[in-house]
Amino acid sequence: MYRFSALALCAAIVGCAPVPDVTAPAPAMARDIHSFARPEEARVSHVAIDLRADFAQKRLDGTATLDVVVAPDAQRLIVDTRGLEIQRVSSAGHSALRWTLGEADPVLGRPLTIQLPTGVRRVEIAYRTAPDAAALQWLAPEQTAGKRQPYLFSQGQAILTRTWIPTQDSPGIRQTYAATIVVPEGLRAVMSAEMLTPEGEPVPGGRAFRFRMDRPIPPYLIALAVGDLVFRPLGPRTGVYTEPEVLDRAANELADLEQMVEAAERLYGQYRWGRYDVLVLPPSFPFGGMENPRLTFATPTILAGDRSLVSLIAHELAHSWSGNLVTNATWSDFWLNEGFTTYFENRIMEALYGSERAAMLANLGWQTLQAAIAELGGPAGADTRLHLDLGGRDPDQGMTEIPYEKGAALLRTIEQAVGRERWDAYLRSYFDRYAFQPMTTQAFLSDLRSNLIRGDVALEQRLQLEEWVYRPGVPTGATPVPSSAFQRVEALAAAFASGTPAARIPTQGWSTQEWQHFIGSLPMTLPTARLAELDAAFRLSEQGNSEILFAWLELAVRNRYEPATPALERFLTSQGRRKFLTPLYTGLMAQGEWGQALARSIYAAARPTYHSVSTGTIDAIVK
Ligand code: BES
Ligand code: ZN
């Protein structure tokens, strides 16, 4: 059954060239429990959206035209929607088609079932989004750097694209796309696609921006941002978009972008998406980064001034292979995206900045993994498995640090077992073999066995693959990447703990990662006087580096260190990155009436500025 759709889909795609030929291995097909789509009946192969951004109403309004590959005898197309107002469905010939919206599921939304008369291969859906569409954040001018113009951005992963585009919202159903976006005069639209009209074209009521993505991508990667945006090139195929006020800082921070792409290509093969640009968003962006193809979306909290947090960009760039080329077939296979990417990210960092920096980052990752295991119920916790059981749950629930760090630890283990040369050759061939295809955990393991392990029984036993992937915890024998710089930092943290004054700790020349590790290595509880000593010696509450400030604030909250509360309040109200918000609000709520009152009052002020991805998590913490 699958062979039919693979061939038919390829034939239906315009510009099929980047898709592997039909002799390539059959892509992994898996039922996706987070989509209503029935791709074996009718499968969307191309989406064309034509939308107007209405900032007053907080709505996108227009049409989505879907090209469909239909199995013989199939009579319906089912697409995913959530909160969309469907107005009309018609065929390419503009005759109305019959459609129904199914019952609403709070997580999955509503299936839109469209009757397909024989021969109909293109359907047009007229619709508008809800003002509270979960994928979209409509920012008031005050929430931007310039404070003059409003801003809009989308966040599709994992299953939010259906809140702004009616399509088959499953990572295994790849689609090319085209878009025309009309925005008010003075604003610019950017998307995860080729820009056909960089300056836009005048139309009644604003400017129209047109885009085209001619490589098939999973719909969670369709992304849009609208704002007062300017661009600066950083290299022949790299550059940065952001607000004018942020451009110099952003361009300086991302100065190594072109070299990063080159390093990534040297590792795992050609970059297949044309340009690689980064959009630095306003601070409410709920993630560190999002790997939207051709245009990574990034939080401004990486703008440290010293390029010390650019591993996040290496991470999003690495997704151009792991995730965007070879894509997790379902959200249970999320580790195939994030674990591979976390590993690849570290290899890019090593290539650009050397093995000591890479070792520190990997070591921090290992600590993150240990903390995540502890939080998820210890080494027997069900969600510490790489292959996730998400039955009946929002995929967001499985998106912990486990897929990232346990996944990366597994790949590092394989690298150590077979040697870097063999492993790199395998990984490069894996990205080539499965480029533009979905991948399941099963299919990866079987590919690894056919193309790397090749019947080597001793190697198979040593790797413990089934245990790594399907069992909780981490197999015994796996070890952190050692860092000599971190050993020195640990000795100094111990010295402080046993009484050495903060002012006497030699911290000159410390990198951000050493600071993070130093703070993380301090005793969990410290008396106020000793915290005051640290704060005075190192001006921690005034830190401009978001990661160092975050590490300090976690320690401060845990110890009810009152003098840091203004810094805490500033941090929680000036950015909305969920990775920073969650531990701090959780920490406050664990501190009795003192922390709970603080959490409630800060959250009351900050909540309206956060994206729904963040409020969805924090609402459950601050009750
Ligand atoms: N793809 C993720 C972001 C994501 C994950 C969005 C799950 C929605 C659901 C992105 O690549 C990512 O992992 N971002 C991290 C940064 C990274 C350096 C670990 C983040 O945002 O913190
Ligand atoms: Zn990622």
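Me: How many residues surround ligand 1, and which are the closest?
Reply: This is a predicted model. In it, 15 residues surround ligand 1. The closest are Gln157, Gly288, Glu291, Glu316 and Tyr404.

Me: What does the side chain of Glu316 do there? How far is it from an oxygen atom of the ligand?
Reply: An N or O atom in the Glu316 side chain is 2.7 Å from an oxygen atom of ligand 1. The side chain of Tyr404 also has an N or O atom 2.7 Å from an oxygen atom of the ligand.

Me: How much of the ligand's accessible area does the protein cover?
Reply: The protein covers 89% of it. On its own, ligand 1 has 520 Å².

Me: Which elements supply the shell?
Reply: Strand S19 (289-290), helix H4 (311-318) and helix H5 (334-353) each give at least two residues. H4 has the largest share, with 3 residues.

Me: And how do the shell residues divide?
Reply: Into 6 nonpolar, 6 polar and 3 charged.

Me: New topic: sheets. What is the order in the open sheet of 3 strands?
Reply: S3-S6-S5, with antiparallel pairing.

Me: Why is one side of S3 and S5 left without a neighbour?
Reply: Strand S3 (76-81) and strand S5 (99-101) stand at the edges and have a single partner strand each, so one side of each has no neighbour in the sheet. Neighbouring strands are turned by 20° against each other on average, direction ignored.

Me: How many bridges pair S5 with S6?
Reply: S5 and strand S6 (residues 110-115) pair over 3 bridges, in the antiparallel sense. Trp99 stands opposite Ile114 in S6.

Methods. Residues numbered from 1 in each chain as written. Chains lettered and ligands numbered in written order. Predicted model: local features only at pLDDT ≥ 70, side-chain atom pairs only at ≥ 80, totals over all residues. Heavy atoms only, no water. Near = heavy atom within 4 Å. Polar contact = N/O pair within 3.5 Å; in protein donor to acceptor, adjacent residues only side chain to side chain. Areas by Shrake-Rupley, 256 points an atom, 1.4 Å probe, with all protein chains shown as cover. Helix = DSSP H or I, 4+ residues; strand = E, 2+ residues; numbered from the N terminus. Nonpolar A, V, L, I, M, F, W, Y, C, P; charged D, E, K, R; others polar. Pairing = 2+ DSSP bridges. Axes fitted to C-alpha atoms, helices over the stretch in contact; angles between N-to-C directions.
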